[in-house]
Each structure stands twice: as structure tokens, then as C-alpha cells.
Amino acid sequence: MNASRASSKGTIVGGGVIGLCIAWELAQRGHRITVIERGSLGRATSWAAAGILPPANFATATDPIDQLRGLSHRLFPRWHEQLLASTGIDSGFRRCGGWYLADTPGEHAAMIGMAGYWDDLAIHCERIAAGDLSDREPVLALKSKSNPVPSAWWVPDECQIRCPRYLQALVAACRNLGVEFLEDTSVRDVQDGEVVEVQTDASLLQSDFVVLSSGVWTGQIDQAFHLQTSLVPVRGQMLLFKTPTQPIRSIINVGNRYLVPRYDGYTLVGSNEEEVGFVNATTPHTLETLRQFAVELCPHLHDAEIAGSWSGLRPMTFDGFPMIGRMPGTANVFVAAGHYRSGIHLSCGTAEVVANLIEGHDNLMDLGAFQVGKQQQYTTARI
């Protein structure tokens, strides 16, 4: 497909954050878009995410994933403003800053390396004394059994977004541009060609192009594409506290766990990683572990109301790079999946590069590292 086909018809398979962002980007460019979602729009893994947007710098990045993250990080403020203007929905985008604590020797060493890496990317990261951290986040308990005063780093360019509201805004913005949604609809087969045929359990759709962006389910859409083992579901569980006021001001990161403050008194606690197949459910043990982590770090939460808990299935690839590009052996089938823990953060950038690919425009980065199906051995071409 080339740029001359400026008002083509496209089908997006998947109504999570990646699919919705691609749909909105393409609709803004004049394409007629249909989104097919096997469940409810924006109610799966994207909804379950914490919405942490770590610092990134496109101008200095050389690694492909850092470039994609940097592009998306640069786009987020503008997307937030455009969504707010289009829909009136505040997605909760805030530049709140982030603390990175290390209370074990291993975490300390990892953070020394991360701070050096950020310094190479010209991302501001400041080592902070425990006393200064106590002044800025007085409710934190900064003592642990292994290290009485944990090390701390301050990263001012860490941002957050409220995922449910971000998804609501994307759906509303898409509707405003005439995007058609088919919810509770499963795709049975995709046949590539000059006109791509998408067979659902209810009807046959014909499009000029199709984008497969169903997260962990992308490999299950059509087995002929041989992507069944390209994506591994990794479950994460979350806990939500509610207090009368906001106890902490900024995101608190300790290894892979975190506290995310909302301005209305909610505090999100996560997360863990479990390879349990497609079982999307919480477990009492993990939720209690998260609760203990939160209360030990922030005793102010000890008597707080537990407002909710949930889980999500992150789509992990074996090399850690999402799959973004044309499906091998096809002319008009594209894939955007496998963003693992960074789907929210990479959503804007992914939408832009996929839209450019579909229209035949150059991108600002080499997408070779995101090649689709590179972990699979194709035995048949799909034409």
C-alpha cells in the first residue's frame, strides 16, 4: 500500500490500547477503520496496567526499543491534549516524577547501572540522600531489615496516565471520527490479497489492509500465520488502596514493584510476573504479598480501604522486542503486538510507525529489530 491510497478501508483486530491508538491515528489520516474486539473495548490487559511512563529521550536513543519508547514519550503530552479537546475526557496524564529505591545489594547495583544508562541518554537522574527523600515523601518508611537506609534516585521526567480513562478517551475519539466497533466478536480466518478478507463468527469483512493487535491473543487469530508460540502470556496482579488524601506525591519504584499515586486518593500497587498460560485471575497469596509490600513501604496505607484488585496477561516475546511490521508472505496484513510491560508507554509511537508503514511513508527509526515472525520457521507463504 502506498500514500496515494489516502482513504482506504482498514480493519484492526484487537480493541486494547495498541489497536485503539492505531485506529485513532489512521482515522485522523482519513482512513475508514473497523475495530474487532473479542470481548469489550479496552477492558483486558490495557485496562489492568498501572500506566507508568518511565523517562525516555528519542533524540539520544540508539537502541531500537529506546527509540520507540522515546518517540512515544515525546508524543504523549500532545496526544493527551488532543484527546481531552476531542472528548472532554481527562486521561490523567501527569509528569509526577519517579523515585527509584534500592534496599538490597542487587537492586542497588542494578540502579547504579540504570543511572549510568540514563546519563548516557541525557535523561536527568539524581542520587538523593535519605533525609531529602524523607522531606519530600514523609509517609515512606525508609528502613528495612537488609539495609537501614535504602539508596534513592529521583527521575523528574517519569510520568503517569490513568489507563481506564486513556482507553475511554481513545474509544470516544475514534467514535468521533467514525470508527466502527464490533465487540464480542471473534476472528476465525484472515485471507490476504488485494482485498483482505476477515471472517468473523458473525460476518465476512473486506478491507484494504488488516492490523493484528490482540495482545497475547494475536498468535491465536489465525494459526496459518505461525505466531502461536511467538507470544507468551505473563500474568501480573494489582491492588488498589483508597485513602482520604493522596499519601505520596510521586511514583515509587522498588525493583519491579511500585506504588502509583492518583490525585484523588487512590494508590495503585503492583506487580508480579507469573507464567500461568491464559489464566487471568488474582490469587490471595500474591495480593497479600503486594499488600505487605505497600504497607511496609508506606505505613499510612495500613488501615486504608482496599478498593479493588485485578490481573492482566502481558504479551511477552522471547527477545523482548514487540512485533511491529508486515506479516511475512503477505501484502496487506500487519502486526503490532508483544509490548509486554510497556504497551501503554509504547502505544503512541507504535500507532505512528504502523500508520506510516501502511501508507508507505518512511519512519524515524529502523524497524528491523521488530520484524514479525523472526522467531518462527515459516514453512508456507501466506499470499
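**View A. Surroundings of W79.** Leaving aside residues up to four places away in sequence, W79 touches C21, W24, E25, Y166, L170, C348 and A351. The model shown here and in the other views is predicted.

**View B. The largest nonpolar core.** This core holds 52 residues, and those touching the most other members are I22, W79, Y166, L170 and V211. At least two residues each come from helix 1, strand 2 (32-36), helix 3 (64-87), helix 6, strand 12 (209-212), strand 19 (333-337) and helix 8 (347-359). Helix 1 gives the largest share, 9 residues. A second, separate core has 23 residues, among them V254, L259, L287 and L301.

**View C. Helix 1 and its burial.** Helix 1 consists of 12 residues and spans 16 Å from its first C-alpha to its last, close to the 16 Å expected at 1.5 Å a residue. The helix is mostly covered, with 11 of its 12 residues buried. The buried residues are V17, I18, G19, L20, C21, I22, A23, W24, E25, L26 and A27. After helix 1 comes G30, which has a positive phi near 100 degrees.

**View D. Packing of helix 1 against helix 6.** Helix 1 (residues 17-28) packs with helix 6 (residues 163-176) at an angle of about 35 degrees, and the two axes lie 9 Å apart. Their crossing is left-handed. On the helix 1 side the contact is made by V17, L20, C21, A23 and W24, which meet Y166, L167, L170, V171, A173 and C174 of helix 6. By class, this contact comprises 11 nonpolar residues, with no polar and no charged ones.

Key:
Residues numbered from 1 in each chain as written. Predicted model: local features only at pLDDT ≥ 70, side-chain atom pairs only at ≥ 80, totals over all residues. Heavy atoms only, no water. Axes fitted to C-alpha atoms, helices over the stretch in contact; angles between N-to-C directions. Helix = DSSP H or I, 4+ residues; strand = E, 2+ residues; numbered from the N terminus. Left-handed = near helix turned anticlockwise from the far one by under 90°. Contact = heavy atoms within 4.5 Å. Nonpolar A, V, L, I, M, F, W, Y, C, P; charged D, E, K, R; others polar. Core = buried A, V, L, I, M, F, W, Y, C linked by side-chain atoms within 4.5 Å. Buried < 20%, exposed > 50% of the residue type's maximum accessible area, 1.4 Å probe, protein only. Expected span 1.5 Å × (residues − 1).
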